[in-house]
Amino acid sequence: MVGQRMLIISAHPGDFLRGGAGVIRKYRREGAAVYVIVLSEGLRSEGIAGLQEARAKADAQAAVRRAEVMRAAAILDIEHVEFCGYDDNPLEMDRERLRSLACRIREIHPDFILTHDAGRDIRNPDHERAARAVLVASAVASSPSVRLDGLPAPAASIPLFGFEPLHPEASAWVPGVLVDITADYETKELSLSCLASERESLDISRQQARNRAVHCAGRGGVSGCEYAEAFSAFGPICSHDALVW
Amino acid sequence: MGNSVLVVSGHVGDFVWRSGGTMAKFARHGYEVHLRVLTLGLRGESNGYWKQDDATMEKGRALRREEGRRAADILGVTSLELWDYDDYPLLLGRERLERLAVAIRETRPAIILTHDSQRDLFNADHTLIGKRIHEAVAMAISPTLELNDLPPAPRPAIWGFEPHIAELCGFQPQTYVDITDVMNLKREAMQVYQQTQKGMIAPYITKNRLRAIQTARPGCEFAEAFSIADPVQNPGFLAP
């Protein structure tokens with residue numbers, strides 16, 4: 001995975017850690033370059049009871065969440081993290097923000113993108129909004145005839161993979177790719193614990209990771225797999241010189 | 001969990017055809033039944049009225065408001081608001097979604113009854129509401145989103161109305177409600193719409209008979225069917 005460039009686009013801070021901290025750590029250990037874009041600090045989505053007192057101090061809370069993300073990123077050895085600071089619930093990705101995202105995609109020129117699945121997520125509409133934005137921005141960035149500040153378009157369309165949501169059955173997400181993260185699971189939990197909002201649901205994350213490991217190990221034939229992360233594969237995988245295995 | 005349901009009806013007739021019996025049943029069982037009607041259906045669903053020579057928007061508006069109020073009264077509705085937005089097409093921007101979120105916080109429903117979440121081939125307004133109600137829910141339940149100083153609502157279940165032609169809209173009945181014992185109230189409410197939507201009455205009685213047959217329950221003569229967009233916190237007593 002040396003030389004591979006991974007871009008993560010996450011609607012809220014918890015999403016990319018819950019959905020992909022294991023894969024991120026795995027790719028980092030094996031030499032990939034990892035970039036994370038966090039669209040919002042999730043102040044109105046990642047329900048934190050304690051924030052009720054601090055409702056008047058949204059800026060301060062945003063700073064707290066960013067610091068939490070940076071601590072998590074340090075544990076996962078992610079070098080590039082950026083925050084757009086958009087409001088969430090509802091997350092509004094207008095033309096300007098889409099353009100900005102398209103430019104970043106060209107600047108970063110990732111080999112693939114981890115983000116939210118494009119299907120309906122009845123429990124968290126921000127995920128759908130983020131996914132739609134990534135689909136549009138990625139298509140715009142990939143189109144050679146679109147002029148974007150002199151940035152060159154990528155040679156190929158960029159594959160997109162969707163995080164498993166917290167309540168997968170209440171969404172249209174289906175697992176397309178499962179990745180064994182057994183060696184990185186402990187690190188994942190350490191990174192998740194950096195977020196106050198995630199500490200309460202570590203149990204759920206653990207169960208989900210074990211559940212996916214059963215799929216990975218049993219039907220996937222990956223022996224020794226105790227924890228796995230699953231992703232939908234909804235972007236085009238147009239160029240590869242073999243079927244991926 | 002509280003004993004309240006919230007009905008979100010795209011047009012002023014919808015709640016009667018698609019959930020009138022269920023609403024009456026909830027009311028009879030001591031539930032608060034809150035009704036929010038987004039439009040009066042003046043442009044798209046008042047064909048009967050526009051046939052009259054002296055029809056005007058102003059008089060049509062007054063008529064449809066009166067129909068909605070009378071029908072809601074017959075069914076035992078606790079609170080009614082007629083928001084009277086334009087229909088055909090209905091638009092749902094940020095402000096209107098927030099108004100829905102406020103309604104959810106005010107009424108704290110166990111279940112929201114509204115339009116099915118799949119594309120209604122015949123009705124873009126229904127499709128819009130069905131596809132976006134969960135956005136209002138997300139705002140309503142957030143403990144950290146400010147809305148008129150109202151505390152966050154608990155997450156409600158979401159049920160979807162049967163559309164006009166189920167098979168063409170991908171609608172699948174996922175729960176049935178036996179409305180036999182309140183069918184007299186539903187009939188009375190339907191009759192209120194003689195001037196504007198008379199053509200809906202017979203087909204929906206037929207539909208309710210058909211759904212009853214599907215329940216295969218002895219004694220069930222009329223039933224309403226709903227899809228379940230989100231099943232959480234189903235109150236249980238209406239489950240089979």
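Student: Helix α3 and helix α6 of chain B pack together; are they roughly parallel or roughly antiparallel?

Tutor: In this predicted model, α3 (residues 57-75) and α6 (residues 183-191) of chain B have axes 9 Å apart and an angle of about 175° between them. Helices here are DSSP runs of H or I with at least four residues, strands are runs of E with at least two, and both are numbered from the N terminus. Axes are lines fitted to C-alpha atoms, for helices over the stretch in contact, and angles run from 0 to 180 degrees between N-to-C directions. Angles over 145 degrees count as roughly antiparallel, so the pair is roughly antiparallel.

Student: Which residues of α6(B) make the contact with α3(B)?

Tutor: Contact means heavy atoms within 4.5 Å. On the α3(B) side the residues are B:A71, B:I74 and B:L75. On the α6(B) side they are B:L185, B:K186, B:E188 and B:A189.

Student: How are residues and chains labelled, and what pLDDT do local features need?

Tutor: Residues are numbered from 1 along each chain as its sequence is written, while chains are lettered from A and ligands numbered from 1 in the order in which they are written. Side-chain values use heavy atoms, without hydrogens and water; totals for chains, interfaces and linings use all residues, side-chain atom pairs count only at pLDDT 80 or more, and local features need pLDDT of at least 70.

Student: What area do chain B and chain A bury between them?

Tutor: The interface brings 19 residues of chain B into contact with 17 residues of chain A. B:R94, B:H134 and B:T144 supply 37% of the area that chain B buries there. Buried area is the accessible area (1.4 Å probe) lost on putting the two parts together, summed over both. Of it, 49% is on carbon and sulfur atoms, and the total is about 1600 Å².

Student: Which residue of chain A forms a salt bridge with B:D230?

Tutor: A salt bridge is a side-chain nitrogen of Lys or Arg within 4 Å of a carboxyl oxygen of Asp or Glu. Three are found across the interface. In one of them, at 2.7 Å from N to O, B:D230 meets A:R123.

Student: Where is the cis peptide bond that ends at B:P89, and what is its omega?

Tutor: B:P89 lies in the loop between β3 (79-85) and α4 (94-107) of chain B. B:Y88, in that loop, has a positive phi of about 45° although it is not a glycine. The cis bond joins B:Y88 and B:P89, with omega about 5°.

Methods
Angles under 35 degrees count as roughly parallel, over 145 as roughly antiparallel, 65 to 115 as roughly perpendicular and the rest as oblique.
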